[in-house]
Number of protein chains: 2
Amino acid sequence: MSEVSVLGLGNMGSALARVLLANGRQLTIWNREPTRATPLIGMGAVLAPNAAAAVMASPVIIVCVTNYAASHSILTEAAANLPGKVLIQCTTGTPQDARASEAWAHENGAEYIDCAITGSPSSIGTPDAHILLAGQESVFRKTEPLLRTLADNLDYKGESIGLASTWEMIYIMHYYGMFLSLFHSVQICQAEGIPLEQYSALLGKQGKNYEKWLCENILSGNYQETSAPLELWAGGIQHIVEHAEVSNIRAEFPRLTARLFQDAMDAGYGREEVSALFKVLQRPL
Amino acid sequence: MSEVSVLGLGNMGSALARVLLANGRQLTIWNREPTRATPLIGMGAVLAPNAAAAVMASPVIIVCVTNYAASHSILTEAAANLPGKVLIQCTTGTPQDARASEAWAHENGAEYIDCAITGSPSSIGTPDAHILLAGQESVFRKTEPLLRTLADNLDYKGESIGLASTWEMIYIMHYYGMFLSLFHSVQICQAEGIPLEQYSALLGKQGKNYEKWLCENILSGNYQETSAPLELWAGGIQHIVEHAEVSNIRAEFPRLTARLFQDAMDAGYGREEVSALFKVLQRPL
């Protein structure tokens, strides 16, 4: 019997597992593609042969996979072992996803907490880590000491399960407008022959260091991912569009943004830095 | 003979005239609608009977009207009096407008400086005032002491005449993305039942005081203009779209933004605060 199982060993799932191990937790891990588990086994984690065994192994199950469809498929394989477990859902999705997932977990006898991690995998376990949470307060209190090893900044938003992903959408929303405004300004510089260094210097003077850094990516032509891949941002705006559509709110701006990010994905820039979006924007229509 | 003539007495033209008078300048003024001149006459300005007389009256002519079409029409009436004058163009437009206007001024014997005032009329003559300038350096140096009474922060960008409006586009560009992201976040709050006060408090915590204030406009339902009317922002994004089109750069984002601002203009919100844009965004499609 281990203390906690982590299902899904992408960049974020692996980071969660690594920090839990570093904090002395007995850990079971599982991933559809088991080679991702190798470095964690070296740190003391036990690899489960399948999702059902991973759920069986621990009282607390952290799920961190690509999307809710993948999560549902994995958990369905393990449903017989769910009664009495606490599911901590770290997969990114919409508030509607969280509501459906909580209902399904309760029907299958598990307690349920929804998490949204706003920082990068490298922030986990550092003072920069920030996790938004929603779910029954008694369940949150029970898992709090474990979660506190991942992020000291646990931002519990309440019992309504959609609140973690809702706040995540709000946290990331402002970046999309920033990206589009910033990249259009770069186009203005290029069209008018203003050296991009001058715009970059202005951003620095205004204390906009992230924007300045994105400009420098464009200047150098080096779009190598160092913080979060473009595909993560593409997924985030897609969730915001889905949310707007089921909520019947106007969404021309998120929809246009999602389409531009999809263009960048289609162009093969998904694993590059978000500044690679500029490469599709700069093309003349 | 006066020292300077101001053509156009909208909010910005009136503010320029007021500050020049307060600094002891002998001033001639003119406006298509002469009732706007009354408070300035009370402060010592001389009202010219027509644009030609206003240009005749002073060696330096400040033009600050609705758009370049209006400016061209007014200056054409006064063209015979232009030789030897210095034209300081404060009308907002594109770099292309500035280039055409400079060429026309030179053909008509006038020297030419292009200005873009990034702050509000109330900033003129205060430490917050910021004026971007372009034009022949010798002409800029000649007018510098006069302009310095309007803004200590004179941001001379060079001899290429389009540079003032280009930098103005860059300065304002980031606001449009901010507006659209912010207002979508407000829609998310409303769709998910998060009290807007909570989002507003987060913005305050992040030091985003302008965004917080825009949120408070929405919360209170009070969209009364206190900084800059929505129509000014609508004009700004329209210039950015025009620039993108003549420059053959991708402009889906500015074009969508311009369309949303046009919706707000069509709905009659032009004289309200920019937060009134939310009123058209919040309507379900």
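Let's start where two chains meet: Glu192(B) and Arg99(A) join their side chains in a salt bridge, 3.0 Å from N to O. A salt bridge here is a side-chain nitrogen of Lys or Arg within 4 Å of a carboxyl oxygen of Asp or Glu.

Before going on, keep in mind that this is a predicted model, where local features need pLDDT of at least 70, side-chain atom pairs count only at pLDDT 80 or more, and totals for chains, interfaces and linings use all residues. Residues are numbered from 1 along each chain as its sequence is written, chains are lettered from A and ligands numbered from 1 in the order in which they are written, and side-chain values use heavy atoms, with hydrogens and water left out.

**Where the chains touch**

The contact (heavy atoms within 4.5 Å) takes 48 residues from chain A and 48 residues from chain B. Together the two chains bury about 4,100 Å², 67% of it on carbon and sulfur atoms. Buried area is the accessible area (1.4 Å probe) that two parts lose on being put together, summed over both.

There are also 12 residue pairs in polar contact between chain A and chain B, both residues at pLDDT 80 or more. A polar contact is a pair of N or O atoms within 3.5 Å; within protein, one must be able to donate a hydrogen and the other to accept it, and residues adjacent in sequence count only if both atoms are side-chain atoms. On the side of chain A that touches chain B, the elements giving two or more residues include helix 5 (95–107) and helix 10 (230–247) of chain A. The largest share, 19 residues, comes from helix 7 of chain A. Helices (H or I, at least four residues) and strands (E, at least two) are DSSP runs, numbered from the N terminus.

**The sheets**

Chain A has an open sheet of 8 strands in the order 3-2-1-4-5-6-7-8, with mixed pairing. Its edge strands are strand 3 (46–47) and strand 8 (153–156) of chain A, each pairing on one side only. Two strands pair if DSSP finds at least two bridges between them.

Chain B also has an open sheet of 8 strands, ordered 3-2-1-4-5-6-7-8 with mixed pairing. Strand 3 (46–47) and strand 8 (153–156) of chain B each have a single partner strand, so one side of each is left without a neighbour in the sheet.

| Strands | Bridges |
|---|---|
| Strand 4 (residues 60–63) and strand 5 (residues 86–89) of chain A | 4 bridges |
| Strand 7 (residues 130–135) and strand 8 of chain B | 4 bridges |

Val63(A) stands opposite Gln89(A) in strand 5 of chain A, while His130(B) faces Asn153(B) in strand 8 of chain B.
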